[in-house]
Amino acid sequence: MSDGASPRDGASDGVRDLDVLVLGATGFTGRLVAQQLAERAALTGVRWAVAGRSPDKLAMLLTQLGVPHVPSVVVDLQDGAALERAARRTRVLLDLAGPYSTTADAVIEACVRGGASYVDLSGEIPAVARSVRAWHEPARRAGVRVVQVSGYEALPADLAVLVACSRAARTDASAASDGTAGALGDGPGAGGPVVAVSVTTTARPPRRRMGLSDAVSGGTLQSIAEVLADDDARAAGDPAALVPDERAARRVRRTSPLSLRPRVVRGRVLGPLVPAGFIDPPVLHRTAALLAAERGVPHSPAALAEGMDIGPARLPVGALALLAATASAALQRAVLGLTRLPSPVRARVASALARVLPGSGTGPRGEVLDGWTWSVRADALTRSGARASAVLDGVGHPGYRATARMVAEVGLLLAASADDPPRTGHLTPALAVGLEGLPALAAAGLVLRED
Ligand SMILES: NC(=O)c1ccc[n+]([C@@H]2O[C@H](COP(=O)([O-])OP(=O)(O)OC[C@H]3O[C@@H](n4cnc5c(N)ncnc54)[C@H](OP(=O)(O)O)[C@@H]3O)[C@@H](O)[C@H]2O)c1
């Protein structure tokens, strides 16, 4: 990797013939993203294209989607020069060619050098932490945005917290006699008045029996195996992994240690977020840290508690809910336990898992992809006791249908603001979208519930 970022050579210089390029469009999630863009292009006229290593697969995909006229770009992740040529053609590159731990760096480098913004769905926090350190400043200098973890993990929670914190800060400011408390856009404690944030996800799947491939795609399972093989695997359980300033990171770990413990809140049993309760927290803390840096104040983190609503706590059904939450927490603790094993052992476990887990192209289909509704609620509490909340409602399988729609819409938003981006650097999904971009996500089925 080199810090060869050149200034963004302008989306209006005649060189870029595309707004959005979908790399990995032939994969399970990539296809869903391409489907969303095909539908949206008919309405918006966005210039988009698909990219991948197989020309035949790309052509077949476009035919199946009924858009054979859409351009395709043949590029292999191993070919840095071809990646950069592809990046120079577009305002935004959506990278769906995961697992990302060993591949995203080259694509991000190509985008930063080529003046395109980059978005992916990585949940591989150790590798994202390396990207934050390597690419935040070069991306700023190049005038582009690098946005990772931009799917169900962690976009809805990140945005819900941003809205709740900004509402809490406003409530606090109107209550404060000097009118100075709080600032619009505070994240969890970004130097503002918010001291505690809780995030609760409720998901209502379609009523039918579901197997492993109805829940997660092969690419996601292979990504978990890659995290285990990562040299920095321990960072997977670090809530401060994406806060590079070590003093601020220590404050995050002290104030808001990662907890996967089941809890009972307002008569409901909460377990850790599924499939992993340790992916969102580092992102949410980074949002707060970036906001604090923007405001020129020290990052003073809030205590964050995230959970998945498993069911009512009242007996007898509450016992089953508690059992499910405990099992989910135990499984996730076991995964984090594996990240602490010596490297050669982890490498063997990772390669065994990669062999036995389902591979590329598998994932939920049909009713299991579309028959879901879900919501993410964030509650923020300020130092002076003011409270505010925000609820985002979503439709479709959170990890795939909704994720694909959300990442496509993030791509459209970033393309629309490519000439004059409000923020640049290695951003979180919430800061890439911003409060002002949230209404556009309605096209992805993600809607802020009215009070
Ligand atoms: N955070 C979230 O909420 C979330 C949600 C969904 C997915 N994800 C992540 O998204 C990623 C993709 O998942 P998936 O199930 O869609 O994966 P997948 O079906 O395995 O697709 C992988 C894609 O990468 C392409 N690819 C692989 N190696 C390549 C190379 N050398 N050059 C060019 N292209 C290459 C594949 O091309 P071929 O078709 O030619 O093999 C395919 O298009 C995973 O990392 C998963 O964890 C995250």
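Predicted model: local features only at pLDDT ≥ 70, side-chain atom pairs only at ≥ 80, totals over all residues.

Residues are numbered from 1 along each chain as its sequence is written.

**Two domains**
- The protein is split into domain 1 (18-151 + 401-448) and domain 2 (155-399), with bounds from an automatic or database domain assignment.
- The centres of the two domains, taken over C-alpha atoms, lie 23 Å apart.

**Where the domains meet**
- Contact here means that C-beta atoms, placed from the backbone, lie within 7 Å.
- On that basis, 38 residues of domain 1 are in contact with 45 residues of domain 2.
- On the domain 1 side, α5 (125-142) is among the elements that give two or more residues, and α5 gives the most, with eight.
- Helices are DSSP runs (H or I, at least four residues), numbered from the N terminus.

**A helix pair**
- Helix α8 (residues 218-229) and helix α12 (residues 343-356) have axes that come within 8 Å and cross at roughly 165 degrees; axes are lines fitted to C-alpha atoms over the stretch in contact, and angles run from 0 to 180 degrees between N-to-C directions.
- That angle is why α8 is roughly antiparallel to α12, a label for angles over 145 degrees.
- Q222, A225, E226, L228 and A229 of α8 meet R346, A347, V349, A350, L353 and A354 of α12.

Terms used:
Contact = placed C-beta atoms within 7 Å. Parallel < 35°, antiparallel > 145°, perpendicular 65-115°, else oblique.
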